[in-house]
Amino acid sequence: MTTQEVRLCGLLLREHFGEVVEKLGTHLLRSGSQNLRTILHETGMPLDLVKKVLCVLVQNGVCVFNHRGPGRPTNYQANSNKILRILRYPRYIYTAKTLYGDTGELIIEELLQRGEMTMSRTVKTVADRLTQNMEDGQCMDYSEVSSAFCKLVETHFLQRCPPVAGPGKADSAAPATPATQAGASAPTPESFPDCYRVPQVTIRGQGKRRLSSEDVDQTIAKKAKMDPETHGDEGIYWQVNFERFHLHFRDQAIISAVANKLDQTSSEIVRTMLRMSEVTTSPAASCTKPLSANEIFRSLPSTYNIARPILDQYLTLLVDDPMEFVGRAGESGGGMFVVNLHKVLANLARATLESIVQERFGSRSARIFRLLLRKRHLEQKQVEDFAMVPAKEAKDMLYMLLSQNLVQLQEIPKTPDFAPSRTFYLYTCNQLPTARMLLQNCYKTVANLIERRLFESKESKRLLEKSQRIEAILASLQASGAEPEQLTEVEEMITAPEKQQLDSLRLHINKLDSAENQVDDTIFILESYISATATS
């Protein structure tokens with residue numbers, strides 16, 4: 001756990017759950033596994049507040065607990081990897097919207113906000129939200145939302161929460177819903193046989209519109225919580241399967257790389273291969289299951305009228321490409337082919353590193369960095385010759401890269417006394433440690449962006465609140481059928497300079513949000529490469 005990771009995790013917890021949760025979450029990240037008594041002693045927070053915060057953290061899956069037996073205290077431990085996934089929440093929601101429309105988007109959004117929910121409660125909440133945005137007289141049927149929920153489960157984007165076994169449920173600080181225990185024997189969702197089995201849920205009806213009165217809303221919400229009606233899925237909680245989303249992001253990155261390197265037809269062939277092996281390939285596999293050229297030809301979309309000889313030429317082109325997108329695994333069935341997942345990730349990470357060096361230090365430094373990645377060990381004179389860079393410039397660039405830890409200097413002595421005149425000085429570059437270092441720089445960059453965005457919002461808090469109040473008044477007047485003169489009068493409550501300041505603020509915040517998403521793309525590529533290297 002590095003300092004930059006702890007800082008970024010703290011900012012994400014503060015933004016989504018508040019400063020109290022941030023304080024306890026960062027304490028657990030720095031201190032590791034602790035029991036309730038130790039947490040109370042070291043944080044100085046009230047017992048009830050600590051219990052509520054732990055419930056929030058466990059409910060959202062960012063904290064795990066381990067009950068070590070009768071008479072022994074339960075330990076709590078924060079999971080930094082799951083906290084960092086909060087940064088990718090917009091991307092999860094957008095992917096669900098792209099694949100399954102507005103209904104899938106709202107299902108994923110509700111589960112991300114609440115951590116764990118039953119299917120019946122999710123369906124009702126989403127149907128009510130969709131009905132609220134429909135025209136008068138139209139309602140969203142519960143069956144349509146249930147169908148979208150089942151599709152998300154079938155494609156493994158949703159999974160059941162693993163049940164908590166033993167006395168872990170009895171702990172007073174743990175929530176009543178299922179949670180994952182820490183430790184070597186902790187159950188994972190995939191180890192649970194019914195992980196992707198949808199229960200028989202009896203839920204009929206349509207979404208309901210909310211009333212305008214907040215008091216009535218609260219009353220209805222309280223009645224809903226106390227509603228004794230059963231739907232057949234009591235105690236069965238669902239959560240978002242982040243790993244499945246990450247596999248989808250990985251596949252999209254590979255398809256996009258093929259399209260940029262070759263053409264759209266090649267990317268469609270790779271997309272078809274990835275789709276065919278989606279179910280049969282293990283998430284940690286270095287390549288997909290072998291597919292014959294005949295199977296690939298039959299599975300291509302009908303819109304691509306590719307003749308069989310043309311497909312063979314495309315497959316040969318993909319196999320011979322230096323990026324090694326596709327590999328040949330045999331000759332039966334017209335040729336057996338696989339997608340080299342780990343090799344493609346390594347090449348994508350290498351391209352990312354080269355791009356970062358080029359943006360920071362220029363094209364000549366990127367040329368030297370690329371040369372060292374491929375040749376591994378070179379003397380300064382060899383770097384000058386191969387890169388075709390003047391000696392003085394090459395020396396300055398190598399020292400600049402060396403000072404930034406992007407390249408290393410290795411000494412190979414001819415004699416045991418390490419005399420400089422009898423020692424080879426070789427420059428080298430190791431891709432994996434460089435990727436780890438740049439990943440930490442990306443964490444630092446995102447944390448800086450979040451801090452800047454929070455600062456901008458805090459500085460203009462009064463103006464933002466005024467704008468929100470006026471927008472709420474306008475929405476209420478429009479709903480009640482107010483006259484245009486009234487609406488204009490309310491709109492004029494914000495002066496022209498304030499409107500200009502608001503537009504400038506929103507533009508600045510949108511740029512910061514866009515930058516966060518772009519850096520997260522780089523983080524995902526580097527994390528996927530490091531994870532693939534660890535498992536291979």
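Trainee: Which helix is His 246 in?
Mentor: His 246 lies in helix H10, residues 242-261. Keep in mind that this is a predicted model.

Trainee: Is His 246 buried or exposed?
Mentor: Buried: the relative accessible area of His 246 is 14%, and the cut-off for buried is under 20%.

Trainee: What does His 246 touch?
Mentor: Leaving out residues up to four places away in sequence, His 246 touches Arg 85, Arg 88, Tyr 92 and Phe 524.

Trainee: Tyr 92, then. How far apart are the ring centres of Tyr 92 and Phe 249?
Mentor: The centres are 5.9 Å apart and the planes are at 5°. Planes under 30 degrees apart count as stacked, so the pair of Tyr 92 and Phe 249 is stacked.

Trainee: And which parts of the chain does that pair tie together?
Mentor: Tyr 92 is in helix H6 (residues 89-114) and Phe 249 is in helix H10, so the pair ties together parts 157 residues apart in sequence. Both Tyr 92 and Phe 249 are buried.

Trainee: What about Phe 149 and Trp 238?
Mentor: Phe 149 and Trp 238 form an edge-to-face pair, with 5.6 Å centre to centre and 90° between the planes. Phe 149 belongs to helix H8 (residues 142-154) and Trp 238 to strand E6 (residues 237-240), 89 residues apart. Phe 149 is buried, as is Trp 238.

Trainee: How many aromatic pairs are there?
Mentor: The count is 11 aromatic pairs. There is also an aromatic cluster, whose members include Tyr 92, Phe 157, Phe 249 and Phe 524.

Trainee: Which charged ends sit over the rings of Phe 249 and Phe 157?
Mentor: Over Phe 249 sits the charged end of Arg 91, 4.1 Å from the ring centre. Over Phe 157 sits that of Arg 244, 4.5 Å from the ring centre.

Trainee: Switching to sheets. What is the strand order in the one with E7?
Mentor: That open sheet of 3 strands runs E7-E9-E8, with antiparallel pairing. Strand E7 (291-292) and strand E8 (326-330) each have a single partner strand, so one side of each has no neighbour in the sheet.

Trainee: How many bridges join E8 to E9?
Mentor: 4 bridges join E8 to strand E9 (residues 336-339). Gly 330 has Met 336 in E9 as its bridge partner.

Trainee: Which helix lies across E8 and E9?
Mentor: Helix H13 (residues 308-320), running at about 110° to E8.

Notes: Residues numbered from 1 in each chain as written. Predicted model: local features only at pLDDT ≥ 70, side-chain atom pairs only at ≥ 80, totals over all residues. Heavy atoms only, no water. Helix = DSSP H or I, 4+ residues; strand = E, 2+ residues; numbered from the N terminus. Buried < 20%, exposed > 50% of the residue type's maximum accessible area, 1.4 Å probe, protein only. Contact = heavy atoms within 4.5 Å. Pairing = 2+ DSSP bridges. Axes fitted to C-alpha atoms, helices over the stretch in contact; angles between N-to-C directions. Phe/Tyr/Trp six-rings, centres within 6.5 Å; stacked < 30°, edge-to-face > 60°. Lys NZ or Arg CZ within 6 Å of the ring centre and 35° of its normal.
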